[in-house]
Amino acid sequence: MAQEQQVFSLSGSRRALDERWQPRLWLAALLTGAAGLAGAGFHRLELLGPDAAGSVGGITIGLLAVAATTQVALSFYLGDRTRWIGTASGIVTAGLLPIAGSLPLFGIVWPGLALIGGLLLLYIRSRAQLSERTINQLSGWLLVIPALVLMMLWVYFPAIYALWISLFKDFNYLGAAEFVGLENYRIALRDPRFLKSLANTTWYVVGTVPLSIFLGMLTAILLNERIRGLSLYRVAYFLPYITALTAAAAVWRWIYNPNAGLLNWLLGLGDFRWLANPNGLFELILSPFGVELSGLVVGPSVALIAIMIMSVWHFLGYNVVIFLAGLQSIPKEYYEAARIDGTNWHQQVRYITWPLLAPTTFFVLIISLIGSLNVFTQILILTPEGGVLNDTLSVVMYLYFKGFRDFDFGYASALAFILFVITLLLTLLQRRLFNRLFGGEAETR
Amino acid sequence: MNFRWSVGRTIIYLVLTVGAALMIFPFYWMVATSFQNRQETASSTPVLIPEQMRLRNWVASFQLGRQGRPGLLGGLLGGFRPGRSVSLDLTLANTSGGEVEAIIPKPLGVLSFPLGDDTLIETRLVSEGPEGGGRDRGTPTNPGEGGSLYRVTLTNQGESAYSRIPLEVRIPKGATLLSSTLAPDGLRSSRRFNRVEYADIAPGAVGYLFRNYVAAWQAAPFGRYFFNSAFTAIVQVLAGLTVASLAAFALARIPFWGREVVFVLILGTLMVPGEVLLIPNFVVLARLSWINTYFALIVPFIASAFGIFLLRQFFLTLPQELFDAARIDGAGWLTQLWQIAIPLALPGLLTYALFAFLGSWNALLWPLIVTNSDDMRTIQVGLRFFVEETGTDFGPMMAASTMAILPIIIGFFFVQKQFIQGIARSGLK
């Protein structure tokens, strides 16, 4: 009963409480920071490892832990009926501690739960007594904090951490590592296997991206001709895209099988070894004419081409669906007007469809480019070791081998960053090129 | 003009149909191979319709299964109960060269062989054909008429029940098999005789049809893989939906200080490619001892910039009046989110849920890195190791692949329209 009265009287002087509230929030923030550092130092640092970036993670987790505690305590301190919720949540948290402490997930689950509980309490309080502006501030942050914390922990912090790791030699999560600066990058740029993987990935991009865009656009244009059974066709083209790459690649491994595979039977090739063939495409084409090639100009290997064919099959449906949506968003009036002017189908495609589809094309181009630069799964299934003489090794696959077979994390991180920079540069370059060609239409998205 | 138009239409349909057939055919080939026996997968001419897909053999295996074990269960699953006998008919041509003999092959390296000891095998010549088609040599014999009918009867004289009856019928060198109750799983020749092999002569219809599936299921813990994948994907979707709808609602509807900065920070994660995060996230997980736990599979992917962006777009298109009315009625932000925004943005939630589920179910690289024991593998990782281990045994391999994609394919046909629209929308906005 007394509690109820207190709430009533407090909400009567909302402004006064707001003023009382503000300094405490600041105090809580300060306490949080200080105790977080201490907590990190005492507790998490050891677990997180000896290097500095590890302690950044430790500090983050420690901060979270202490923030949660402070907030629960604060809600309790301020009194009124939320005190009981605060107490209950405190007991629950305390009860969780021994369980959580014995589990390896102690580090994040406890502070996470306590943080959410504390913020929830703040929210409940704020509903009763705070001004609308403060409510908005608190609820806005309350709602974005889970997403933001997760992204900080699992994207931004690791991205910086990766850069840090790439500066070490023999980095693993067990022992001390030697700081070597940019040495890993220097090694990478002279590593023949890395350069080979870069060349393979380049061939893969050059081979799959334009082809799948062309085929996707063509199919979409045909599908857009008001044909019957559109949804049936669409499903047929789309089905490969939703199947797992692992299973899809396993089927193609069977199709490409040299002895009993379907493809060799269809083409009458005997026991042609599709996936173990390091001969370059141009090499094979030109050798009957007595032209000997070597180095990069031999072209993508037969095995890599087999992988490309499988990949185009797998990803085509996505492009078809996106292009079809782009086509359907083009107003029909344009075509009617063009028909009145007596244009034919080719002219309509050339002067209406193609330019108006340009933003969609750009979108598909970027998506396929990023996707193909990261090619991994189908290569791992079709040629588990990266082919004969690394002829199908992609950058991500090399990164995987270096990182998780050789456990050379520093070097693998450097490779990841090089790929990152290449992706970024290509995307920016394409954007520029596109704007010049199509007058800034891509900016609208 | 009209003629040209219809020619054009025909060409369009032709191109589209051929394309669609090419897209679909690998799926058919996957399923067909999953029903092939070893001899069929090894055949140099691909077997487009394997014996296991023929109705005739389903009926035969149902009947044989019932002979081995009474009732519907026997017809479906087969078996060899005590006191039961199973009869298999074979029509052979050119048997004059020698005896027809049936044996139960003894598995290599076993000391006791109870099935063989308990089973009485009788081989009987039921009706003799016009001797083996030998009279008018050169003309093809009509199956059923031209050959001699042999009946092999196996009787379980022991006390115990068996699940499988492998059988090998030895026929003379010159003889050919014209027909048999159940299609054999292998025809082999050895020095003195030819062998007609059956992996199981009382399999039951299901046991016969899904032989490779059973083999795959027994070779690796696919049940566990399925559970891991489903659990990971469902938790990831639910947690992702919660986190994304909260954040998206705040970003779309609540005016608070720093909103733009938060939005830019969230979108900024799209710039960071996944492969950069592999190693640092692995290190963090290793230090938290989270490697080989569900946390490692789920937690790093809960917050998705794509999901937040998609839902924010949805929430932005909702009319402000709805929220104003709710606020006048005293609804707080969470009530507005739960009662108004979520019900009206269901298509958006569904789209994001489908993307997240598909992404989680189909992922290989990350689960491959963070799991290291068989019981934590997801279906894709399990399949990858299964593919590596089976090597060239393509029947079970394709059966496992079919199993791995089946839930997605079935689910896709239910939400096909929403899903394709969702993808299309992601390209337009």
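**Interface and helices of the predicted model**

In this predicted model, 104 residues of chain A are in contact with 104 residues of chain B. The size of an interface is often expressed as the accessible area lost when the parts come together. Between chain A and chain B the buried area is about 9,200 Å², and carbon and sulfur atoms give 77% of this area. L143(A), W154(A) and W254(A) supply 9% of the area that chain A buries against chain B, more than any other three residues.

Polar interactions across the interface were examined next. There are 18 residue pairs in polar contact between chain A and chain B, with both residues at pLDDT 80 or more. Helix α6 of chain A (residues 132–165) contributes 25 residues, the largest share of the side of chain A that touches chain B. By residue class, that side of chain A comprises 75 nonpolar, 19 polar and 10 charged residues. One salt bridge is found across the interface of chain A and chain B. A salt bridge joins the side chains of R253(A) and E388(B), with an N to O distance of 3.4 Å.

Within chain A, helix α8 (residues 192–223) has 32 residues, which at 1.5 Å a residue should span 46 Å; the end C-alpha atoms are 45 Å apart, in agreement with this expectation. The N-terminal end of α8(A) is capped by D191(A), a side-chain oxygen of which lies 2.9 Å from the backbone nitrogen of R193(A).

Over all chains, the structure holds 50 aromatic pairs. In one pair, F417(A) and F420(A), the ring centres are 5.8 Å apart and the planes lie at 65 degrees, so the arrangement is edge-to-face. Because F417(A) and F420(A) are three residues apart in helix α19 of chain A (residues 409–438), about one helical turn separates them.

Technical notes
Residues are numbered from 1 along each chain as its sequence is written. Chains are lettered from A and ligands numbered from 1 in the order in which they are written. This is a predicted model: local features need pLDDT of at least 70, side-chain atom pairs count only at pLDDT 80 or more; totals for chains, interfaces and linings use all residues. Side-chain values use heavy atoms; hydrogens and water are left out. Contact means heavy atoms within 4.5 Å. Buried area is the accessible area (1.4 Å probe) that two parts lose on being put together, summed over both. A salt bridge is a side-chain nitrogen of Lys or Arg within 4 Å of a carboxyl oxygen of Asp or Glu. A polar contact is a pair of N or O atoms within 3.5 Å; within protein, one must be able to donate a hydrogen and the other to accept it, and residues adjacent in sequence count only if both atoms are side-chain atoms. Helices (H or I, at least four residues) and strands (E, at least two) are DSSP runs, numbered from the N terminus. Ala, Val, Leu, Ile, Met, Phe, Trp, Tyr, Cys and Pro count as nonpolar, Asp, Glu, Lys and Arg as charged, and the others, Gly among them, as polar. The expected span of a helix is 1.5 Å times one less than its number of residues. Rings of Phe, Tyr and Trp (its six-membered ring) pair if their centres lie within 6.5 Å; planes under 30 degrees apart count as stacked, over 60 as edge-to-face and the rest as tilted.
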